[in-house]
Amino acid sequence: QTKRYKGKYYTEVFDFWLENVLLPLLKPGNAIVLDNVSVHKPRKSAKPVLSFNCNLFFLHPYSPELNLI
């Protein structure tokens with residue numbers, strides 16, 4: 001079941017969602033791929049991911065030359 005968050009989206013909200021909603025659904029070795037939004041960047045966000053033995057990857061910054069559409 002998906003729940004919506006209404007309000008400002010900031011690092012603490014992301015960290016709460018990551019630790020309490022997403023990580024309990026994952027298995028060791030799963031990957032999480034994030035874009036480069038600033039709320040995803042703090043290093044403290046990576047600690048719970050690594051403690052669950054999951055991998056964390058960030059997308060490359062936007063590169064229009066790689067998008068052939």
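Is Pro-48 buried or exposed?

1. Pro-48 is buried, at a relative accessible area of 12% (buried is under 20%, exposed over 50%, partly exposed in between, with a 1.4 Å probe and protein chains only). This residue belongs to helix H2; helices (H or I, at least four residues) and strands (E, at least two) are DSSP runs numbered from the N terminus. Leaving aside residues up to four places away in sequence, Pro-48 touches Glu-19 and Leu-23 (contact: heavy atoms within 4.5 Å).

2. The model is predicted: local features need pLDDT of at least 70 and side-chain atom pairs 80 or more, while totals for chains, interfaces and linings use all residues. Residues are numbered from 1 along each chain as its sequence is written, and side-chain values use heavy atoms, without hydrogens and water.

3. The mean pLDDT (the predictor's confidence in each residue, from 0 to 100) of the chain is 80, and 84% of the residues reach at least 70. Confidence is lowest in H2, with a mean of 82, and highest in strand E1 (residues 31-34), with 88.

4. One aromatic pair is found in the whole structure. The ring centres of Phe-14 and Trp-17 are 6.1 Å apart and the planes stand at 35°, so the pair is tilted (centres within 6.5 Å, using the six-membered ring of Trp; under 30 degrees is stacked, over 60 edge-to-face, the rest tilted). Both residues lie in helix H1 (residues 11-22). Phe-14 is buried at 2% relative accessibility, whereas Trp-17 is partly exposed at 37%.
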